[in-house]
Amino acid sequence: MAAVETGRHHTSYRSELRLWHTRPQIVRMAVLAVVVAVLPFVLDNYWLSLANTALIATIGAIGLNILVGYTGQISLGQGGFLAVGAFTSAILTDRVGIPAPFSIIGAVVLTAAVGVIVGLPALRLKGLYLAIATLASQMVILFIVRRWGFLTEGQGFLDVSRLEVFGFRLDRANFEQQWYLILLVLAILAAFTATNLFRTGVGRSFMAVRDQDIAASAMGVNLTRAKLTAFAVSNGYVGLAGALMAHYTEILSWEKFTIDVSILYLAMIIVGGMGSIAGAVYGAVFMTILPVLVREAADVVGGAVPIIKNQLPAVEHGVFGLTIIVFLIFEPRGLNRIWERVKDWFGFWPFRY
Amino acid sequence: MPPGQPLLQVSDLTLKFGGVTALADVNMSVESGRIHAIIGPNGAGKSSLLNCISGLYKPTSGSVVLRYVADDVGRGRGSAAPAEGSPAPAEADSLDIRERALTSLPPNRVARLGVARSFQNIELFEHLTVLENMMLGRHIHMNQNVFTSMLWFGPARRQEIAHREIVEEVIDLLKLQAFRQKPVGTLAYGIQKRVELGRALALQPSLLLLDEPMAGMNAEEKEDMARYILDVHELAGVSIVLIEHDMNVVMDISNRVTVLDFGRVIGDGTPREVMDNPRVIEAYLGAGAAA
């Protein structure tokens, strides 16, 4: 069996519209499915917590990529939107007493609504100017989170009770494993729904707005509606990520939603691949693991070069920045493009192209 | 709409950019089922006129009125709501023909009334494939429900396949089969022009506005494009307003010609009449040649 296909021949539009066409693709996905299913049984709690963080980041990065990568509306407001989702869900669950699954849905809806309001400047502004406008929203939301005593009842932080799903309360011993399962299902759902969005008319109109907004409007795309829908849908995912973050980490404070977080998420989609759902997944996983790898590397070489160990936070920041620059210069289309090239290389082997 | 009926009426259209008058009291009437050419020297206001019709420019004064068959509009939207605003029933024919002023509408609403266009400088969605570009031509006929789209199975997939079938007809008509899955940014100029024609055609317009579809082409490519335009006109029965510089092409394919110079209409009639009009000859060849 060849590792890659030599060509694709479809006999119906329906079969052409499938996500996976060939046996090698299905085998690859099956292998991946087995790997992610086995992970909770092989990884220890530390690595599982990293996996869980990466899964939450995946959902958030998919959301951001819908807005930035697919619709071309640059947003620096990610941190603030995560905060909206996180605090909404935490307060709805613990103070209003709504079951967690419903308060998470409430958080998604409210974050989407906030996205529409924040998206209003996008009707007039483009590029850098829009980035500044969304940066303003980040600042405003963070200011509210810091100063509005109601949110944290004046403590400055907010404890969130252990997640309970329809009477089933997560237990201490298998906490990470159970969360892994929940997050995995939700991340897969997020990836699928987002993929579906971009093989139908709604997603195409988003991409049309990104590529040529004048032509898009001449083809009947309502720019106002398309942009605001993109903000709402994108923020729906981000709100979900924020809500999950609240229930998973069980403690919320404003430091988790600063501008650094917005930039981290932008870095995820740059490194992973703009305008690609798979890219958002790769980027989220990569950027979650990167600081850990840096720390591990620092432990190894720390004996020989003590400065690396002494200045670890600075080194982490340096590696973070360097990664973004390297990707922007050498592969602006990110890890997703690298993976595509690898597949092409095997597909064409032994020829070059 | 049956051929020969008034389709588009441009009346006393004036467009000013600050102190510059791009269009001055332009009158033009387009009949359905015809190929109507707009010609004129550079800067005569041809593209401005097209932009006023398709809603990209808001004219300073004057009106553009489109007549359309009510059933034709909003086909894909399912139920009713044929025309926004206050359409006035025009004729008590068996067809429900209505009138709508385009000058107050944004471009997407004009498109919904069945007016599609191509651009002078290709304005395709360059990262999307030929297929996706053409599917965007179907945008106004598609249901844009976010939730069914995310679900994919069911209505969203059915809709994709139904519109794909129409797009495939356009692809066959314009012989674009080989390029279906190619991102349009990677295609040759002539092919891109054809894709743009196809994207406009996929909208199933009643009026097609083509802004220099043959600009920058050699004689052979021009002939091909002229053939495609004639095919489109005959097979799809669409009325066409066309801006073109090449007089031979204009004489060959158009039924009627309007000549613009410095924003004013200086000639209007059949290609023959226009060719013999001394003002047109003067505008094109200079004052001495008219004598």
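Which way does α5(B) pass α6(B), in a right-handed or a left-handed crossing? Right-handed. That means the near helix is turned clockwise from the far one by less than a right angle.

First, some ground rules. This is a predicted model, where local features need pLDDT of at least 70, side-chain atom pairs count only at pLDDT 80 or more, and totals for chains, interfaces and linings use all residues. Residues are numbered from 1 along each chain as its sequence is written, with chains lettered from A and ligands numbered from 1 in the order in which they are written. Helices (H or I, at least four residues) and strands (E, at least two) are DSSP runs, numbered from the N terminus.

Back to the helix pair. α5 of chain B spans residues 155-173, and α6 of chain B spans 189-202. Their axes come within 10 Å and cross at roughly 140 degrees. Axes are lines fitted to C-alpha atoms, for helices over the stretch in contact, and angles run from 0 to 180 degrees between N-to-C directions. The two helices are therefore oblique; that word covers what is left after under 35 degrees (roughly parallel), over 145 (roughly antiparallel) and 65 to 115 (roughly perpendicular).

Now the sheet in chain B. Six strands form an open, mixed sheet, ordered β7-β8-β9-β3-β10-β11. Strands pair if DSSP finds at least two bridges between them. The edges are β7 (115-117) and β11 (264-269). Inside, β3 (residues 35-39) runs parallel to β9 (residues 239-243), joined by four bridges. His36(B) of that pair stands opposite Val241(B) in β9(B).
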